[in-house]
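Here are my notes for anyone opening this one for the first time. Have the structure up while you read.

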Amino acid sequence: MKQYNVTGMSCAACQARVEKAVSAVPGVDSCAVSLLTNSMGIEGNADSSEIIKAVEKAGYGASLKNDSTSEDASVTPNYDEELQDNETPVIRNRLIASLVLLIPLLYVSMGHMLWDWPLPGFLDGNHIAMGLYEMLLTTGVMVINQKFFISGFRGFIHRAPNMDSLVALGSAASYVYSVYALFAMTLAMVAGDMDKVMSYMMEFYFETAAMILTLITVGKLLESISKGRTTNALKDLMKLAAKTAVVIKDGIEVEIPIEQVKVGDRFVVRPGDNIPVDGIVVEGTSAVNEASLTGESIPVDKNIGDTVSAATNNESGYLVCEATRVGKDTTLSQIIQMVSDAAATKAPIAKIADTVSGIFVPAVIIIAAITFVVWILVGQTFGYALARAIAVLVISCPCALGLATPVAIMVGNGMGAKNGIMFKTAVSLEETGKVQIVALDKTGTITKGEPTVIGIFEAEGVEDIDLLRVAYAIETKSEHPLAKAIVEFGLSEGVDPADVTDFKALAGHGLSGVVDGEIAYGGNLELISSKVEVSQESKELANELAMKGETPLFFAKGNTFLGIISVADVIKDDSEEAIRHLKNMGIHVVMLTGDNEVTAEAIAKEAGVDEVIAGVKPDGKEEVIRKLQEHGKVAMVGDGINDAPALTRADIGIAIGAGTDVALDAADVVLVKSRLSDVSAAIRLSRATLKNIHENLFWAFFYNIIGIPLAAGAYIHAFGWTLNPIFGAAAMSLSSFCVVSNALRLNLFRMHDNSKDKAGKNSLGHEPLLVNNKEEQNNMEITVKGMMCAHCEAHVKEALEKVAGIDEATANHDENLVTLKTSADVAESDIKAAVEAAGYEYVGIK
């Protein structure tokens, strides 16, 4: 996406005009203009000069943003220009100058006329002088606020009137009529008709013209300040960007500008300093506070080989790191770019306001003209009819309509970014809260993704330390994932491993080696029971462990059975709570896994999901998502690596635990942390943002629906209500401020607070959705020996699913059973060859 700065826009009508003009340029696939950030995001291959030319032809200005001109990812973005607020000081100065002239104008026009305040000698009793005095001061206010007239009448010239057109028209009408009344009064004075002189003096609307412009400027100032606050989260991220880095060159520490740091440079980070670029620790240890990127306040220990990210703070130790990502590639830059891109896109709900904005200003002008004519026809004076028409013009506010959606999107996006939740587009922020089904990949999402020792069950007469010492010794020599779990457990327990000689890996069965002069074995029940006697109690225990989703590993030494160590991929600490929160929100939770049904059901029961789909191949997850979509909106949560097809297929793809890789293409939402609870937080934030948008749109529409008839005088006969144009201008200036202020309330939203969670009216409940939705397939069961854990099951499954005609293979190592789902005839010889090629023993078809 290319981003452009757009100048000259004042309301939603301007935004719609720019979008329409740019969308007509050949090569533009999509165009989203943001009134909030005065920016424009373009997708397509259109030439930049053609786009800028189209914007200028529409009556506005455009230029490429600085970082959109460079394709070199190593170029460090310059955020200084974006951090600088150039608009607010200009509006503030204009307001101060306007007030300097408005106050003496009001003293004479209202203070003297209403409350008989004393006048200076040159005005006292001189009606013509008073009129000229008011005209000159009003002219000064109009010159100071000439922006409204230039922009407004340019809109008329381009046949695209905007908010400035309404202000300019109302103010100019007041001024012109007042000038007419002044000259008419002068003629009456010359004629000596004092009654007409006093009558014309009461027709002066100079203060109305000046007050309209000043009050609108007050509104613009409040709006500008509030709009600035909506981007505070993004600005806070930009402020974290380092200006310099201390690198090591020829053994000497040198401080250089951040732009000069290259991939491969070694840089130094002292305690208390921010890390300048992404890198990997090559020397030293420390605790690094990553709250700036993840929202997690607890420091993370960093050792040699660990990654560090730009903008995080080194709290304790001295670190030497090697730069791996610089410039636009750093985590910080990617997060800023993602939030910025999201702000440059448009939420579907904004189309309502866009449609209305396109016809709003012309409609208001027509209503004002009708109002004027109607009041003249019913016998009111020209001045009265004009006042009603002017009130209609100045109370109408297309600006509030244009800001209703983008301000909420910006604040919501900023809140997410501060908490490690990245919405890539405004669409994803809006749609995430509407999901009815959340599909969770098991490994790495619900579980930790790595085997862990769950329990040690020593045989009768055996000490647990003896069991662990032998297991630790022989597993140290193995590369199997289950061996790693036992080795890490042994290290954590401080076990002193015995020496192992004559080590052998028995494919599909286990391990053997000589420990303390005796042969020792580790592996599945089949292997150990063939070497030593295993009690019936231990066999039953193994079955119980398997039913819970754990893998029992048996160990023996010499002629003695030592016991069982159970290993499993355990669920994360927060998974059960996070899934409960999702269910409390009325969301149907589904777990997808390639495990056999026994293991899958055990984990699903522990985690508390509504439905489990077991035996799913990586490329089969997309098909499951498609079937779930027949029941409602689906969000797929995965690690973003082998889940890309499913993440893309889902209505909302959520990549969890992305860490520093926040630019995952397949996902719509990226969660920097590996916390499943952030999924429910993202949904809460989306729902809160959508609710805020609805409130803003309601206020914007309600304000105009009530305000325009009031200004036109529609309630005079029923209630006696009328509206002075000055109060109409005040209302207009405050309407946008109210919309922006309401959006800022999102900064107070606590996205991890589940106390207000409730199911929506579109909740699908918690009964299984796909229980009767399985395709008709032929089932075949075969016996395979040598499998001893879930990883062995995965090897057999992978080997068999490569055989033509086999759609799915589900292995169960406890029963030495593999269930095949076939859609064509498969030769038994092909099945046998695949099993044996994987290193296991094929017994036959059951």
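1. Start with Arg684, which sits in helix 26 (residues 677-712). Helices here are DSSP runs of H or I with at least four residues, strands are runs of E with at least two, and both are numbered from the N terminus.

2. Is Arg684 buried or exposed? Arg684 counts as buried because its relative accessibility is 5%; buried means under 20% relative accessible area, exposed over 50%, and partly exposed in between (1.4 Å probe, protein chains only).

3. Who does Arg684 touch, once neighbours within four places in sequence are left aside? Its contacts (heavy atoms within 4.5 Å) are His581, Met585, Phe749, Met751, His752, Asp753, Asn754 and Asp757.

4. A word on the source: this is a predicted model, where local features need pLDDT of at least 70 and side-chain atom pairs count only at pLDDT 80 or more, while totals for chains, interfaces and linings use all residues. Numbering runs from 1 along each chain as its sequence is written, and side-chain values use heavy atoms, without hydrogens or water.

5. Now zoom out. The chain has 30 helices and 30 strands, and of its 846 residues, 54% count as buried. Take the contacts between residues at least 6 apart in sequence: 70% of them join residues at least 24 apart.

6. As for overall dimensions, the C-alpha atoms fill a box of roughly 135 × 70 × 50 Å along the principal axes.
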